[in-house]
Amino acid sequence: MTAPVLDDDLRAALDAFAARPRVLVASDYDGCVSPIVARPEDAVPNPRSMAALERCATAPGAFAALVSGRARADLRALSGASDALTLVGSHGAEFAEGFDSPITDGQRDLLNEIIDDFRSISARFPGTSVEVKPISTTLHVRNATPDDGAAALDLAETGPASWDGVHVTHGKAVIELAVIETSKGHALDRLRAAMGVDAVLYLGDDVTDEKAFAHLRPGDVGVKVGGGPTAARYRVADPDGVAAVLETIASLRVAAS
């Protein structure tokens, strides 16, 4: 397959970004480094993208990260990332050190109630499924009929999504409910400060990635993957476009070293 050709505006932005002294290259996982698949556990990464991220992570003055809605342990297992890559799970809330705030017994009880409710909903609608994470749970409806998927999501919205202490995240054919606040934007702020970088590149495809795009600053590069409204300035069509962006940055950084 012929590699996608990046448009001139995006290529110019990548050239300028790669020339900065210290940079962070970060991406969502599902829909970016890995294509969207019917079963979340089958999301195999594009080897070109992972190889490029690993090259970025070891290039002088460069850092690389995956920022995902998945539990951090699941993200590591699926991606096969080395220790050189920084992994942030649970929509920006879960770092190697754990969560910023300890999860209370009350929050754990609330999470268990949400899980029970989601499982009751899923049992009513074939093709739906429930994914349990450390501080959240997700109702997936991608494999349900359109009517069943819509009905399941509506029950989630009017049920546990409306409870006190529940933080709602909408995505593509999913609704996720967390018992602590999550934000990929805040995660990028934390990484930017910890790594002392001059600029951040972020690639994302979903609604949750808009929080990351909203935290980008002048000199940063935001790349939306796929269609739909976005705050990102640039866009690629699919995960093959993501691989092209990451390979371009990796080559530029290695060449400059």
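Asp 116 counts as partly exposed, because its relative accessibility is 47%. Here buried means under 20% relative accessible area, exposed means over 50%, and partly exposed is in between (1.4 Å probe, protein chains only). The model is predicted, so to speak of local features pLDDT must be at least 70, side-chain atom pairs count only at pLDDT 80 or more, and totals for chains, interfaces and linings use all residues. Residues are numbered from 1 along each chain as its sequence is written, and side-chain values use heavy atoms, with hydrogens and water left out.

## A negative patch

Asp 116 lies in helix H4, residues 105-124. Helices (H or I, at least four residues) and strands (E, at least two) are DSSP runs, numbered from the N terminus. On the surface, Asp 116 gathers with Asp 105, Asp 109 and Glu 113 in a patch of negative charge. Such patches are made of residues with over 30% relative accessible area and no salt bridge, with like charges joined within 9 Å and nonpolar side chains (Val, Leu, Ile, Met, Phe, Trp, Tyr) within 5 Å. Lys and Arg count as positive and Asp and Glu as negative, while His and the chain ends are not counted. The place of a charge is taken as NZ of Lys, CZ of Arg, CG of Asp or CD of Glu. The areas themselves come from the Shrake-Rupley method with a 1.4 Å probe, and for residues only the protein chains shown count as cover.

## Salt bridges

Side chains of opposite charge can pair when their charged atoms come close. With a salt bridge taken as a side-chain nitrogen of Lys or Arg within 4 Å of a carboxyl oxygen of Asp or Glu, the count comes to 12 salt bridges. Here are some of these pairs.

| Pair | Closest N to O distance |
|---|---|
| Asp 42 and Arg 39 | 2.8 Å |
| Glu 97 and Arg 190 | 3.3 Å |

Let us take the pairs in turn. In the salt bridge of Asp 42 with Arg 39, Asp 42 is partly exposed because its relative accessible area is 37%, and Arg 39 is also counted as partly exposed, at 43%.

The salt bridge between Glu 97 and Arg 190 links distant parts of the chain, 93 residues apart. Glu 97 sits in the loop between E4 and strand E5 (98-99), and Arg 190 in helix H6 (residues 184-195). Glu 97 is exposed, with a relative accessible area of 64%, whereas Arg 190 is partly exposed at 31%.

Lys 133 counts as buried because its relative accessibility is 8%, and Glu 176 is buried with a relative accessible area of 5%.

Salt bridges also form a network, which links Asp 28, Lys 184 and Asp 209.

## Cysteines

How many disulfides does a search of the whole structure find? The search finds 0, a disulfide being a pair of cysteine sulfur atoms within 2.5 Å. For Cys 32, the closest cysteine sulfur is in Cys 56, and at 15 Å this is too far for a bond. Cys 56 is likewise in no disulfide. Cys 32 counts as buried at 0% relative accessibility, and Cys 56 is buried with a relative accessible area of 0%.

## Positive phi in a loop

Most residues other than glycine have a negative phi, and most peptide bonds are trans. Ser 90, which is not a glycine, has a positive phi near 55 degrees. Ser 90 lies in the loop between strand E3 (86-88) and strand E4 (94-95), and it counts as buried because its relative accessibility is 0%. His 91 is in the loop between E3 and E4 too, and has a positive phi of about 55 degrees although it is not a glycine. At 10% relative accessibility, His 91 counts as buried.

## Distances across the chain

Asp 8 is found in helix H1, residues 8-18, and counts as exposed at 67% relative accessibility. Its C-alpha atom is separated by 43 Å from that of Ala 161, 153 residues apart along the chain. Ser 129 lies in strand E6 and counts as partly exposed at 31% relative accessibility. The C-alpha atoms of Ser 129 and Ala 151, 22 residues apart along the chain, are separated by 14 Å.
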